[in-house]
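Me: I would like a close look at one part of this model, with the cut-offs stated as you go. Please begin with the chain as a whole and then turn to a pair of packed helices.

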Amino acid sequence: MTPVIPFDLLIVGAGPAGLSAAVEAASRGLCVAVVDEFPEPGGRMLGQFHEEKGHWWVGRQVAEQLLDKCSALGVKLRCGVSVHSILRSGAVWVLKTSEGSMQARNVLLATGSAEIPHPLPGWTLPGVMSIGAAQVMANVHYVKPGRRGLIIGVNVLAMAISRELSVSGVSIAGIVLPGIGPINGKEASPKESLKELMGLAHLAPSPLMRIGGKAANALGMAGFVSRFIPRSGIKIWDIPLRLRTVAVSINGRSQVQSVTLADVNGEGAVIPGSQREELVDFVAIAGGLYPLAELASVAGCPFVYAEELGGHVPVHDEHMRTPVEGMYVAGNITGIESALVAMAQGRLAAATICGDTGLLGQHLEREVLEAIQDVRRVRASALIQFRPGIQEARDQFYRKWGRFQRDKQGLKEEG
């Protein structure tokens, strides 16, 4: 039987972080493989596009450029492959996949994120989907999710994808709040939703709205402003944003036919007698994102909860190195941010891995430091900011890593 020759680096996830890491690592001489359960590489980039400082950033084009580089560098890419087990065996990692076992000396988990569901009456009807699914249908498969739809949930994801859907010719009746429930917290509050949107003032379609949003945010006027927003909403890119309206239920027999809406007061409580129906044939629920980190847990990596990063994230340092030998992370598994940040993190992780395998030599410290600074620079200038205080949260997170390492070293010395 021919022995299995392990890869130098096996990357799980062919999104912006994984592909960027593959290019960087392969260009430095590592034998690299990438696996992804989606049939097509590119991850969420395939459906993303937005205006970025005077030009359109088109994720599919960026993905194609990275894939061309991967091909030229000999990166082994396998799509439609699910990883269901990851185990350290001696000096290598053994990954059990839907197409057999793979071995690698180092593993980079770039598994990305998943959407948070927000259930409400009628959400199992055909025609109800996550907003990410609507994005994939329209921008990846070029199929409209319906003739006229409603978006439930007011957050960064909703605003960014509603813009993409509108540009793609999808009719959006409006964006409304989810109703108060056991899962929905701040998301159902007009004040809290407006507060989050004020942090996105730079995305507003007009200079006047950008200036007004930034000023109101700086003065902490979300509660005051929310009381004066008209119940009919305000138009953003010709899409009605209804911050004083909630979705009560989704209605239909064999598919979505309408949504029952209601007006709410400043605390999100329904105003009696305000219920009415909005005729739509599809609904997109925008509940936000959380890190998709199950494989890190299976591999034995410890976790830390950080609200600003989207939930529980694997413990790692600023070099993208986890406390588990030979395992690294990059992209949204480390916290929810934009594709540009994920790409920079992928390059940083690859530089760290190359340094740990001795490929950078005397240039190790300089090149890794430059990659860290690049991540910070891209984060600071990124147009899409999912949560405020990301860098501060990460700095605090890395301090926890330092304490973890010191405690671990102390236990070794005592033993």
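How many helices and strands does the protein chain have, and how do helix H9 and helix H10 pack?

Reply: This is a predicted model, in which local features need pLDDT of at least 70 and side-chain atom pairs count only at pLDDT 80 or more, while totals for chains, interfaces and linings use all residues. Residues are numbered from 1 along each chain as its sequence is written, and side-chain values use heavy atoms, with hydrogens and water left out.

The protein chain has eleven helices and 21 strands, where helices (H or I, at least four residues) and strands (E, at least two) are DSSP runs numbered from the N terminus. Of its 415 residues, 53% count as buried, a term that means under 20% relative accessible area, with exposed over 50% and partly exposed in between (1.4 Å probe, protein chains only). Among contacts in the chain with a separation of 6 or more, 64% are between residues 24 or more positions apart, contact being heavy atoms within 4.5 Å.

Two packed helices are described by the angle between their axes and the distance between the axes. For helix H9 (residues 339-356) and helix H10 (residues 364-381), the angle is about 170° and the axes lie 9 Å apart; the axes are lines fitted to C-alpha atoms, for helices over the stretch in contact, and angles run from 0 to 180 degrees between N-to-C directions. H9 is therefore roughly antiparallel to H10, given that angles under 35 degrees count as roughly parallel, over 145 as roughly antiparallel, 65 to 115 as roughly perpendicular and the rest as oblique.

On the H9 side, the residues that meet H10 are Leu340, Val341, Ala344, Gln345, Arg347, Leu348, Ala351, Thr352 and Gly355, and their partners in H10 are Leu364, Val368, Ala371, Ile372, Asp374, Val375, Val378 and Arg379. By class, this contact of H9 with H10 comprises eleven nonpolar, three polar and three charged residues, with Ala, Val, Leu, Ile, Met, Phe, Trp, Tyr, Cys and Pro counted as nonpolar, Asp, Glu, Lys and Arg as charged, and the others, Gly among them, as polar.

As for cysteines, Cys354 is buried, with a relative accessible area of 0%, and Cys301 counts as buried at 5%. A search of the whole structure finds zero disulfides, a disulfide being a pair of cysteine sulfur atoms within 2.5 Å.
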